[in-house]
Every structure is written in C-alpha cells, then in structure tokens.
Amino acid sequence: MAEKTNSDFEPNIVAFLCNWCSYAGADLAGTSRIEYPPNVRIIRVMCSGRVNPLFIMNALQQGADGVLISGCYPGDCHYMQGNYYARRRFNLMRNFLEYLGVEPERVRMSWVSASDGIRWKEVIEEVTEGVKTVGPMDKFKRRQLNW
Amino acid sequence: MAVKKLSKEKMGDVLAELGKFRLIAPAKSDEVVIFKEIQDPGEVFLDYGNSTVPPKKMVFPQTETLFRFQVGKPELAEKNVEEEGTTVIFGLRPCDARAMSIVDKLFGWDYDDPYYQKRRELTTLVGMACVEPPSINCFCTSVGGSPFGTEGLDMMLTDLSDDNYLVRALTEKGEKLQETLADYLGDAGDRDEKKAEELASQAEDKIKRSIDPGGIPDKLPQLWEHELWKRVSDSCLGCGICTFLCPTCHCFDIQDEVEETGEGRRARMWDSCMFSEYTVHASGHNPRPTRKERTRNRINHKYSYYPERFDVIACVGCGRCINLCPVNIDILDILEQVVEA
Amino acid sequence: MNEKPKIGVYVCHCGTNIAATVNVEEVAEFAGTLPDVTVSRNYSYMCSDPGQALISDDIKELGLNRVVVASCSPRMHEPTFRKSIDSADLNPFYLEMANIREQCSWVHADPIAATEKAKRIVEAAVVKARRLEALEQGEVDVEPACLIIGAGIAGIQAALDIGDAGFKVYLVEKSPTVGGHMAQLDKTFPTLDCSACILTPKMVDVANHPNIELLTYSQVEEISGYVGNFDVRVRKKSRFIDMDKCTGCGDCASACRLAGRIPNEFDEGIGMRGAAYLPFPQAVPAVYTIDKDRCLMLTKGKCGDSPKCKDACQADAIDFEIEDEVLDFKVGTIIVATGYDVFDARLKPEYAYGVYDNVVTALEFERLVNAAGPSEGKIVMLERGKKKKKKKDEEPEEPKHPKSIAFIQCVGSRDKSVGNEYCSRVCCMYTAKLAHLAIDKIPGVDVTVFYMDVRAFGKGFEEFYDRVRREGVKYIRGNPSEIFKHGDKLVVKAEDTLTSTPLEHEADMVVLSVGLVPRGDNREIIDMLKLSQSSDLFYMEAHPKLRPVDTATDGIYLAGVCQGPKDIPDAVSQAKGAAAAAMIPMASGKVKMEAQTAVVDEATCRGCGFCVEICPFSAIELVEVNRMGWPVKVASVNAALCKGCGSCVAGCLSGSIQQRSFKDNQILPQIKVLGVK
Amino acid sequence: MVDLSKLREIAGEVISRDDVRELIGYRPGTYGFRTRPAFVYEPGEVDQLIYTPACVNNLATYITLEEKLPVPRGQEPDTRKVAVMVKGCDSRALVQQLEEKAYDRERILILGIPCTGVVDMAKVEARFPGILETGEISLEGDKFVLSFDGKSEKVAKEELLAEKCRRCRYPTPLVYDQLLDDEVKRFAEDDYSDIEELEKRSGEEKWAYWEEKFSRCIRCYSCRNVCPMCYCEDCVLDRLRPQWMRRSVDTSENTAFHVARAYHLAGRCIQCGECQRVCPVDIPLMELNRKFYKDVEELFDYEPGTETEAEPLLSTFKVDDSQEYIM
C-alpha cells in the first residue's frame with residue numbers, strides 16, 4: 001500500500017453527469033470560477049437513469065481509476081424518476097464491485113444540483129482524494145493490445 | 001537411446017532443471033487441474049487424473065495475437081512465436097499428446113499455419129502414462145490410442161508404482177531432453193521395462209467404455225436426415241464445453257481489436273461449432289439454425305470429415321466431453337445410436 | 001454508418017477565457033492527429049459570425065459530415081452551433097460539443113493539466129462524433145380541443161377559460177350534475193359568501209357555453225394517444241329520461257314510488273330522494289335522472305301496474321329503453337380535475353362515527369346548515385335509521401336543536417395511523433366557518449373545537465379565526481382519544497395539552513372535521529392516463545415548484561384537489577393555470593417532439609417489458625409483431641411521448657432499446673478514451 | 001418420493017392431450033448415477049421417465065431455449081403447450097420467466113415436484129468413483145440410498161446434498177398445474193453465511209480470490225446457456241457493436257463478462273445453482289449471484305421468482321431506497 005499512496009499519483013476519474021442538475025452544477029462551478037482538481041473527465045448524459053452500471057465496470061476495465069455518477073437530488077429529476085432508477089442500480093453495482101475487491105473509493109455517486117457549484121467542487125475533491133488513497137486501478141484493468 | 005529411470009525424489013530437481021525452458025505442467029487452481037506456465041516447480045501437480053482443460057491451449061492458445069496494425073497504414077507487426085522460446089510440456093496424457101499429432105495434420109494441410117507450427121517445433125512433449133485411467137469415460141482404446149500410447153510424445157514417463165518413473169525418449173527432441181536431464185536419470189533394467197509392460201496391459205483392461213468405430217465414418221453420411229440428430233440434441237444447451245475441452249477441436253474465429261487511436265491487433269480465438277452464432281452469415285442466414293445441425297456437425301467432423309480427409313478419427317477418447325456435459329450428452333451414446341441406426 | 005466520417009474540430013479561444021489556461025493551438029494540433037479528423041482549427045470566438053462561418057464553409061468546401069466544437073458548455077451554445085451547421089445543410093445532430101471552458105479552463109489553474117484535460121475532452125467528443133447519427137426533430141399537429149375530466153369548481157373554471165379563449169372543450173362529469181363538492185357547501189370561508197350564489201352562475205355558464213360540450217352522468221372509458229392527438233371514448237350513461245324533452249318539472253320525482261326512500265348522495269345521505277331524482281334544485285343540467293340501480297322498473301322490470309313516473313311525466317320524457325351512448329372524439333390536451341373524497345370517519349373507530357347518530361362529518365353538518373339542504377338550514381339532532389318507520393299521517397316530531405356542539409379537527413389528516421401524513425389545508429377554516437354558522441343559527445349554543453394546531457395561513461384566515469373565537473367558540477388544544485355516550489350526551493374524552501388537564505367534554509353533537517383524501521375510484525384514471533401519484537396518493541405534478549399543473553405526460557394537466565388538498569381559491573387558481581397551460585399547445589397548433597428519443601431494435605427485443613415499466617412517461621408499450629411467422633411481443637416507443645431520458649436503455653438487458661445520440665456504441669468509446677487517459 | 005407409476009401415468013395423460021406438443025422430464029443417464037433431460041413426444045415414451053434426487057437439471061431452461069425456425073409461408077406456428085417437470089427451485093425460474101413475459105402461461109403445462117433436495121453429483125462421483133452401470137439414488141429419511149452393481153449403500157443426506165438445497169426456501173413449486181407428490185414444507189433457511197464470509201475479507205484478499213477464479217474461465221458460456229433467466233435470443237455480451245467486452249480470453253475480459261452476467265441476473269436469479277453446477281472449471285458462480293441476491297433482499301426487500309405479477313426489481317424503485325453510499 002505504501003507506494004500506492006504516492007502523492008504524485010494523479011488519478012483518472014470518469015464521471016457520468018446528468019444534463020439538468022449535475023452537468024449544470026459543474027457548469028456553474030465554471031462560471032463561478034471555482035477551482036478544483038483536473039482529474040475528472042465528464043461524459044454528459046441526459047439523465048443519470050441512462051447510466052448503465054456496466055459503464056462503471058467498463059470504465060474501470062479500460063483503466064479509469066475511479067468512476068463517479070452524478071444526478072439530480074431525489075425528487076428533482078428532470079424526468080421525475082431517472083435518478084431513482086440510477087440509485088438502485090448503483091447501490092447494487094457498488095456493493096458488487098466491492099465484493100470483488102474493488103475499493104469502494106473508486107465507485108461513487110453523488111447528487112449535485114444545478115445551483116451548487118461549490119458542492120460540485122467538494123464532490124470532486126472528495127472523490128479525487130479517495131481515489132488517490134487507494135492508488136491506481138490495477139485489478140482487472142485491460143492490458144492494452146497485448147501480444 | 002537407452003531407457004532410463006527417474007527416482008521420484010529427484011522430480012523436483014528435474015522440474016527445476018526444466019525451468020530453464022518455458023515449462024508447462026499441470027497445476028492446481030483451487031481444485032481444478034490446468035496446464036500452465038510454471039514459475040516455481042512447487043506448483044507442478046502430478047497426482048492428477050487428467051487436466052480439465054486439455055494442454056492443446058499451450059500450442060493453440062485460446063486467444064492468440066497474429067499481428068498488430070495501425071488503421072490506414074500498410075505495415076503490420078507480426079507475432080514472433082520464436083520469442084516464446086523452447087517449451088517443454090511436462091506430464092501430459094497420451095490421449096492429449098495423440099490429439100496434438102491429429103491436429104498437426106490440419107494446421108499443416110492446405111495452409112501451413114506458421115504460428116501453430118512454429119510453436120509445435122519449439123515444444124517438447126513429455127508424457128505421463130495412464131497407469132490408472134483418469135476417468136470412467138476414457139475410451140482411448142476404441143479410437144486408436146492407449147493409456148500407454150506414445151504417439152505425438154517426445155518422451156514418456158511411466159509411474160512404476162514404486163519410487164521410480166521409467167523414462168523413455170521417443171524422438172530426437174526427447175533424446176535431447178534426456179541428455180539435458182542426464183544427471184538425474186539412472187539406468188532402467190529389464191525388470192522395469194517388464195513392469196511397465198505389465199502396467200500397460202493392466203491399464204488397457206481397466207478402460208471400461210468402448211465403441212467399435214469401424215463402420216461409423218462410412219455410415220454417418222447416410223444418416224444425414226436421420227431423426228436421431230434431433231433426439232440427441234434436444235437437451236443440448238449450445239455451450240462450448242464439449243468443444244473447448246476437446247483436445248482435438250481446433251476451430252477459431254478471427255477478430256480485430258482496435259483502439260480509438262486506430263491501433264489494433266488481429267487475434268484468433270477459439271470458437272465452437274456448438275455456438276449458435278458460429279455459422280451465422282453476415283446476411284443473418286444460418287445454415288445450421290438449430291442445435292440439431294450443430295450436434296450433427298460435431299459428430300460428423302470428428303468421425304466422418306476428419307477420417308475422410310486425414311484418415312484418422314478426430315477423437316482420442318479422453319472422455320472430457322462426456323464427463324463435463326451439463327446434460328449428459330454422451331458421445332458414445334450417440335455413436336452407438338449411429339451404429340444401430 | 002454508410003459514409004466515412006469526416007470530422008471538423010473547432011477549438012475556441014473564447015478570447016482569453018479558454019486560451020489563457022488551455023493551450024488551444026496544442027489542443028487543435030492534437031485533434032488533427034485523431035482518426036477521421038479532416039480539419040482541426042482554433043479561433044478566437046467560434047460563436048461569432050465569422051466563427052460560425054468557418055464551420056459552415058468547411059462543411060461545404062471540405063465535405064465535413066461531423067463537427068466538434070470545443071468551447072463552452074453545450075447548455076450554452078449547442079443550439080447556436082446546431083443552427084449554424086443546419087444552415088450548411090448538415091444535419092444539426094452531427095454536432096458534438098467539447099466543454100473546455102466551464103469544465104476546464106475556468107476551473108483549473110495549471111495550464112499543463114488543463115491542456116491535457118482539454119485534449120481528453122476533445123478526443124471523447126471526436127470518438128462520439130464519429131458515431132453520431134442524423135436525427136429529425138418531428139412536429140405534431142395539435143387538435144384544438146380539450147378534455148376536462150370532472151366538473152367541480154376546478155373543472156368548470158378551466159372549461160370556461162378555455163371555452164372563452166375559443167377552443168372546444170369536452171367537460172365530462174360522472175354524476176348527474178356539475179358543481180362537485182362546492183355545490184354541497186353552504187357558505188365559504190373566510191368571506192362567508194354563499195357557495196351556491198357564486199357557483200351556480202358558473203354552472204349555468206358551462207351548460208350554455210357554445211364551445212363547451214357538457215357530458216354529465218358520463219365517464220371516460222378510454223384514452224390513447226399523446227399530446228395534440230388524444231383519442232377519447234366517453235360513455236354517456238342513460239338517464240332513462242330524454243334530456244331534450246325533460247322540462248325539469250319534478251313530477252316524476254314526486255310520483256316515484258320510492259320517493260323519499262333513497263339516501264341522497266348529494267345530502268351525504270341525510271336527505272332522501274326517489275329513484276327518479278334531481279340531486280339538488282339548482283343542478284345543471286336541470287334534467288332528472290332515473291337511478292338504474294334502484295328503480296323498480298329497471299331492477300325488477302315491474303313498478304306496480306305501470307311506472308308512476310312515466311304516467312306523471314307530461315313531456316313524455318321517460319323511456320326505459322334509452323341506452324348508454326358512447327362518444328368518440330379527439331382532443332389535443334386533457335385536464336384532470338377529478339377532485340376528492342372526504343375521509344371515511346369509520347376508519348377512526350374511537351370517534352364512533354356510524355355508531356352514534358349525532359357524530360356527524362363536517363360535510364353532513366354542512367348540508368344541515370345549508371338552507372337548500374334536507375333540514376332547510378336548521379341544525380337538528382339526527383335520528384338516523386328511524387326515518388323509514390315514519391308513518392305518513394303522523395305529524396313529524398318537532399326537531400331538536402343541539403345545545404352544545406363539539407368539533408374535532410384533523411380527522412384523517414396529519415394522522416399516520418390512517419396513512420395520511422398530510423394536512424388537508426381546509427379543515428381548520430371550514431371548522432371555524434361551521435362553528436360560526438352554528439352560533440349564528442342556534443342562539444346560546446356551546447361550540448367547542450378540539451384541535452392540534454390551527455393553520456390560518458390564507459388571506460383573511462387569521463382574521464376569521466380571531467372573529468369566531470371572539471364570537472364565543474372555545475378552542476381546546478388536544479386530540480380527543482374517544483367519544484362515548486353518557487345518558488343522552490356524547491362525551492368527548494381528551495386532554496387539554498396546553499394545561500395538561502385530562503377532560504371529558506359533553507356535547508349533543510360532535511362534528512368530525514374530516515380531511516380530504518384521493519378519490520377511491522382514482523385507479524381508472526391513473527391507469528388510463530398513466531398518472532403518477534405522490535406519496536400521499538394524490539396525482540403527482542411534473543415538478544412541485546415549477547410545473548405544478550403539468551403531469552409527466554405532455555398535454556395532460558392537473559387542476560384542483562385531485563393534485564392535493566386545497567381550498568376554493570387555490571383550486572380555481574390552479575384551474576386557470578391548467579387552462580393556460582393546456583392552451584399553449586392548442587394555440588400554437590404544433591408541438592415539437594424530442595429528437596433524442598429511445599428506439600427499439602425489434603429483432604433482438606425479448607418483450608420482457610422492463611422498459612415499459614421503467615418509462616416515467618408511459619411512452620413505451622409492448623406490441624405484437626411477426627418474427628418469421630411467430631407472433632412475438634416487442635417494445636415500441638411512441639416518439640411523441642418519449643422525453644429522451646434514457647432510463648429504459650440502462651434497464652434493457654438485451655441492449656435492444658437505445659437512446660438516439662446516447663447509444664451504448666456512442667458512450668462506450670467515450671468511456672474508452674477517457675479511461676485510457 | 002414421487003411415485004414412478006403415478007408420474008408415468010400423469011405424463012401419459014398429458015402427452016396424449018391434443019394441445020400438448022412435448023413433455024420435458026428426466027430419464028436415467030448414460031452411466032453411473034447420472035440422469036439427463038428426457039423429451040417425450042409420444043405416449044409410448046413415458047416409461048423412460050424417472051424422478052430421483054439425482055435429477056439435478058433445471059428443465060425450465062428448455063422452455064426458452066428452443067430455436068424458433070421461420071414458419072413456412074401458409075403454415076401456422078406450432079403453439080401447442082410444452083409440459084415440463086419442475087422442482088421448487090426450478091419452478092421459480094418459470095415464475096420469473098412469466099413475470100418477464102417470456103411467454104404466456106397457457107404455453108406451458110407445469111408438473112410440479114415437491115422436492116426434498118437433490119444430490120451434488122460431483123460429491124457422489126467422488127465418493128463412488130468408476131461406476132459405469134446405471135445406478136440409482138433414492139432418499140430414505142435422512143439418508144440417500146445409492147444402488148449400483150447389485151448392491152446398495154446408505155449415506156447421510158448431509159454428505160451428498162447439493163449446496164443450494166441447504167438454503168432452499170421453496171421446496172414445493174410456486175407455480176404448477178399439477179403436483180406429483182405431497183407438498184414439502186420448508187426445511188432450510190438461507191443465512192447468507194457463505195457470502196458474509198467473503199464480504200469480511202479485505203479488498204486484496206477478495207480480488208486474489210476472484211482473480212484466480214476468473215483467470216481460469218474459458219468462456220464456454222455454459223453458465224449463461226444453462227441459465228433459465230438467460231434467454232435473450234441474441235445475448236448482448238456476444239455482440240460486437242457495441243462490444244461490452246472483448247471475446248479474447250484473459251482475466252480482464254473474463255472479469256467483465258462475469259460482472260455483466262451476474263449483474264444481468266440481479267433481481268432475477270432464482271438460485272437454481274445450475275451455472276455453478278455446470279461450470280467445467282469450478283468458478284463459484286453462485287457466490288456472485290448470491291451477493292446480488294442478498295443485497296436485493298436486504299436493500300429492496302425483494303425476492304425474485306416468487307410472484308408472477310411482481311414488478312421487475314430494476315424497473316421500479318422506492319423513493320426511500322438506500323442513500324447510504326451517495327454523496
């Protein structure tokens with residue numbers, strides 16, 4: 001573990017954001033010039049309900065060190081229910097990956113509203129910090145183009 | 001070359017010595033015995049019946065890169081099998097060794113498969129005679145093999161049921177290997193050889209299942225539309241157990257794995273004629289639309305097409321497909337029905 | 001994908017907004033090395049006219065078929081760039097934006113890290129762009145007609161507003177008259193204006209309005225379709241009285257053999273009616289109805305020698321052969337205004353409602369105080385069940401007035417034990433109103449109100465509450481635990497929680513201020529319109545704050561208490577809001593459909609219906625198709641209903657349903673390039 | 001114990017019906033104690049049918065397995081019923097298939113077998129190796145009786161009982177047209193102790209455990225093909241576009257396969273244990289499925305395959321679903 005907590009390690013985190021709350025919240029963080037770590041790469045979807053939990057597995061397999069799904073707070077979903085479905089699916093996949101030995105710090109979900117740029121920054125900081133403590137994803141990462 | 005003897009105590013040293021090559025030997029993964037590349041001689045597990053997955057995967061890997069490419073560029077980087085180095089497969093059973101010599105015919109037939117052939121050339125096969133038949137479903141003796149058969153092997157070890165193995169080099173490769181191991185080998189006597197012969201004949205007697213395949217290759221084409229195919233395949237699940245675990249099955253699919261950057265590799269990987277998509281055409285048409293046609297193909301391939309082309313049945317009687325079929329589809333049962341039909 | 005992708009990448013400086021942190025030249029250069037990228041440029045302001053021209057010129061001259069703009073958030077300028085590539089005759093959905101401003105340059109200070117991140121964002125956009133597909137944003141025509149279900153005050157108001165605006169309205173009411181609960185009320189709080197006086201003119205208006213087709217005694221049976229194009233089937237139940245001939249004279253009702261023997265629903269069962277009846281004198285339409293479940297002719301086929309009503313009717317309006325009428329029509333929008341039920345006080349057995357005659361519900365009390373009610377406005381002690389024994393020639397006993405009345409608030413509201421956590425919002429005020437009326441009508445009466453809290457939040461409410469207290473109404477803070485009888489008196493057992501004193505309060509009559517609950521027959525409407533319910537089981541609005549009159553389904557709106565308890569002004573306001581919302585698509589005549597909708601691959605769909613269950617908009621249904629001669633069920637998306645959330649996609653196991661522009665094969669490559677770093 | 005003559009009599013009646021096309025049951029296997037699925041088309045074929053604790057296969061799989069060949073023009077598809085014998089656990093597969101509208105209830109005729117537990121064939125064969133002639137297994141009280149080579153041996157039920165039966169909550173079929181025997185009361189409970197034991201391990205230990213298993217997977221897809229819930233005609237995991245995982249066989253792709261396979265069974269696996277039984281390389285697939293099963297029960301109070309009208313787990317939600325791990 002010692003070498004993993006290397007402070008030089010800059011994790012690569014793939015995030016799935018719903019268009020209406022979290023993506024807007026991340027935009028607001030930008031408009032408000034709130035600085036946060038550059039480790040998160042965002043994929044925009046219309047609703048967190050679109051996020052197939054197998055995306056998490058896929059991202060980790062491709063080499064992402066962590067995955068974040070972010071949607072509207074319960075009750076605020078633009079499509080009324082999508083985030084509830086997302087939450088259910090996430091709960092199962094998160095626990096399952098933990099069961100396989102994937103550190104739960106790598107598999108995160110958050111609610112971030114469109115009006116909360118500060119919270120977006122805090123989420124990113126927390127997720128980035130968490131992934132840093134567990135180090136690079138090395139468990140079932142795909143070997144690129146092996147012979 | 002003289003027949004030698006190896007004291008069981010020295011097996012560890014022999015395996016360590018073999019470690020200077022790429023050593024493949026049976027090892028346990030949990031309770032499952034599989035051939036794998038040995039890093040530490042302690043991993044080798046010789047007290048086994050037969051491996052679940054046949055050692056064919058060591059010469060015909062389940063997934064094998066053929067070459068790498070960059071989309072839009074003509075240059076290819078071909079796989080260099082040579083780099084894998086001299087390989088010793090240690091402890092394989094006579095049926096599996098014989099299977100390799102059967103598959104060799106295919107990979108050297110209308111097209112010399114350089115990957116396979118190179119790997120075979122680099123590989124020395126050290127067999128372990130079956131003093132006890134590994135499974136109730138062994139029937140090697142019905143299809144031209146034997147528990148002590150040497151076909152395909154470069155060297156054979158026989159557990160003399162005392163503290164020694166009888167070691168017999170069978171080919172030039174085997175002799176070379178024997179030289180390498182000379183320090184650990186003693187001379188075998190007539191008594192030892194006699195003992196081995198005795199064990200061999202006892203082993204043959206212990207094989208309980210059999211079939212007379214004599215007329216089958218000629219008969220199969222006549223049974224093409226026979227109702228038995230539907231009946232024997234009714235319960236088939238279409239999984240790949242019987243083919244993937246067959247030491248002679250050798251079908252493969254070729255796939256390109258391409259990154260978004262355009263870098264890619266072309267690889268071949270095992271395929272199974274029992275999979276529903278095996279023969280699906282790009283149009284969506286499938287000439288073998290149901291399990292009936294697929295099961296018929298599997299039997300025909302082994303017992304008709306292969307003998308027709310290569311004069312040998314592509315089945316070595318290892319019994320794996322019978323042991324592991326989830327629904328007890330039994331190749332001997334099918335063959336009996338063929339005989340009776 | 002037929003044609004080979006030719007992608008143009010445009011990296012925007014946004015003045016220094018991006019360029020100060022992100023090395024835009026480097027990003028553009030990097031983008032140029034990516035497969036299928038034909039051209040990669042950087043420019044100071046991509047959204048400016050020359051910036052947009054750069055793109056459209058390249059589309060024309062270089063034959064670009066995909067465009068990636070790396071600039072600000074797509075929430076900002078996606079429409080802008082879609083338009084500009086549309087103007088260059090490229091499908092506007094061939095655009096992918098890379099957000100390197102809000103989510104990169106503005107939030108990172110380190111130019112190296114920011115530039116690196118920008119490259120990744122652009123690369124992900126490029127790999128997605130490579131797989132983008134052309135989409136068409138459809139439009140549908142809107143039928144300029146509105147169906148309003150329920151003709152209580154909310155339905156009536158919405159109908160009048162829409163009718164006045166010039167659109168056709170079908171106003172469907174289940175009972176024989178319009179008016180709903182408001183018609184049952186005597187006075188309205190806090191102004192004490194007479195309910196009938198303000199309501200009946202509106203009832204007459206809806207009946208006479210040239211644009212409103214009033215369908216009373218009718219039920220919606222089927223609704224299909226989507227915004228702009230709903231097909232509606234309504235069953236107009238037979239009244240067995242020809243509506244055109246009936247003069248409303250009432251001869252049939254007086255003649256009916258069962259006259260005075262059937263509890264009148266409108267009077268909450270306190271008053272009686274016959275099988276031929278008008279619910280109340282001001283009913284609209286003023287047409288009598290024969291109750292087919294009670295009428296002797298209709299239930300037994302025989303009514304003495306001949307039905308007396310038919311004999312009595314001079315207009316010859318009665319015809320026992322009249323059948324239900326089924327009407328089919330098309331509407332563009334629907335307003336649901338189905339109202340409520342009052343809480344069934346029997347569910348609080350400790351209050352002995354149904355056991356003691358003079359434990360009454362507030363609505364029953366309302367009928368008693370109503371001058372047009374069964375007691376002609378006199379508050380009288382009830383002798384339930386005794387009525388039938390009354391001999392014809394016997395002089396009616398002089399009714400007795402209660403000398404003391406106790407009110408109990410929050411019966412069935414704010415009460416987890418009966419599953420209703422919510423406040424019904426009207427009980428505090430109608431209790432105050434009824435208490436006031438009691439004092440007004442029975443001189444010297446003792447009126448005591450048991451309450452948990454008094455919520456007097458509306459305009460004039462607190463003042464009114466203050467007034468009734470000054471009039472002598474006693475308020476005791478405490479939720480009674482039991483009502484029992486002591487001699488002739490009812491005893492309310494409670495604790496005054498302000499003084500922590502247990503008390504037993506005697507009263508002649510106890511009025512239960514029952515709450516409002518969702519209608520017991522809600523299910524039909526919910527299934528037909530696929531409405532959602534909030535946790536209180538009232539219909540759920542699309543958004544509690546910003547879309548309070550909309551439902552999840554476009555073109556369907558909510559008005560009145562069916563969405564949640566509210567008083568008359570709130571119900572009317574919401575009705576007006578729903579009417580305005582419903583008129584938007586009708587006035588514009590067209591609605592734009594979502595383009596990034598779900599689409600089903602019928603060949604692989606296994607018809608499990610997971611997506612059907614998931615869809616919050618009921619946009620998916622299972623349909624039978626022929627798969628090589630086999631009838632199989634597959635999902636089918638109604639693009640007019642689909643809002644493009646993609647929840648169904650993530651719930652599909654066979655990958656057979658995909659969301660346009662967010663397909664698995666468009667997202668997975670993004671994950672890949674972002675995952676690899 | 002199911003009475004053989006009664007079983008065959010009922011089967012005979014069933015297959016004689018005009019609206020029944022075939023009956024799927026069990027018959028003796030080709031060697032030793034094995035049994036195998038039997039497909040009966042004619043009344044004359046019912047005498048091969050058996051039911052013993054060696055009848056391990058879940059025949060519900062076959063309802064959805066058969067290939068639907070194109071119906072020749074002018075002909076009607078054969079929609080006669082398929083009759084199928086199911087044990088308690090197997091019947092839950094039917095329940096779940098029905099919940100998922102895989103076919104209409106009228107399409108099948110269910111002969112329910114109240115089940116007292118089946119053997120673990122691997123344990124039987126380890127204990128009695130090398131038996132060629134057909135042997136028989138029956139249950140007497142708390143002992144399995146194994147008859148072979150003209151002799152019979154009694155073994156405590158505990159020793160040979162299949163793992164899944166030790167946790168079986170539904171020994172009597174939940175859906176059937178006819179029961180072949182008296183109902184069997186629940187005789188076991190599931191305490192998830194096996195899963196809890198794994199959950200307690202450290203992350204490194206867990207992955208070491210699973211890496212070993214996944215690395216030896218040969219992607220024969222027997223776990224998927226035997227599964228009664230894996231009945232998509234075109235499995236998404238086989239597809240090349242989009243490709244969720246590569247077909248190349250290595251630990252990474254194998255892990256992806258097993259994660260996806262298990263996730264696709266979340267809220268759907270009915271614990272018949274067939275996947276684990278058939279795996280040629282002994283991957284403990286039920287330990288994957290059961291993790292989801294446990295979480296589904298604990299988090300959502302949901303048990304698949306118990307109610308044909310239930311809403312599919314992941315097609316529904318509760319507003320107060322767990323928020324524990326959500327920031």
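How many residues of chain A are in contact with chain C? In this predicted model, 46 residues of chain A are in contact with 45 residues of chain C, where contact means heavy atoms within 4.5 Å. Residues are numbered from 1 along each chain as its sequence is written, and chains are lettered from A in the order in which they are written. Local features need pLDDT of at least 70, side-chain atom pairs count only at pLDDT 80 or more, and totals for chains, interfaces and linings use all residues; side-chain values use heavy atoms, leaving out hydrogens and water.

**Salt bridges**
- Two salt bridges are counted between chain A and chain C, each being a side-chain nitrogen of Lys or Arg within 4 Å of a carboxyl oxygen of Asp or Glu.
- A:Arg50 pairs with C:Asp664 in a salt bridge whose closest N and O atoms are 2.7 Å apart.

**Two helices in chain B**
- The axes (lines fitted to C-alpha atoms over the stretch in contact, with angles from 0 to 180 degrees between N-to-C directions) of helix 10 (residues 291-310) and helix 12 (residues 331-340) of chain B come within 12 Å and cross at roughly 80°; helices are DSSP runs (H or I, at least four residues), numbered from the N terminus.
- Helix 10 and helix 12 of chain B are therefore roughly perpendicular to each other (65 to 115 degrees).

Key: Angles under 35 degrees count as roughly parallel, over 145 as roughly antiparallel, 65 to 115 as roughly perpendicular and the rest as oblique.
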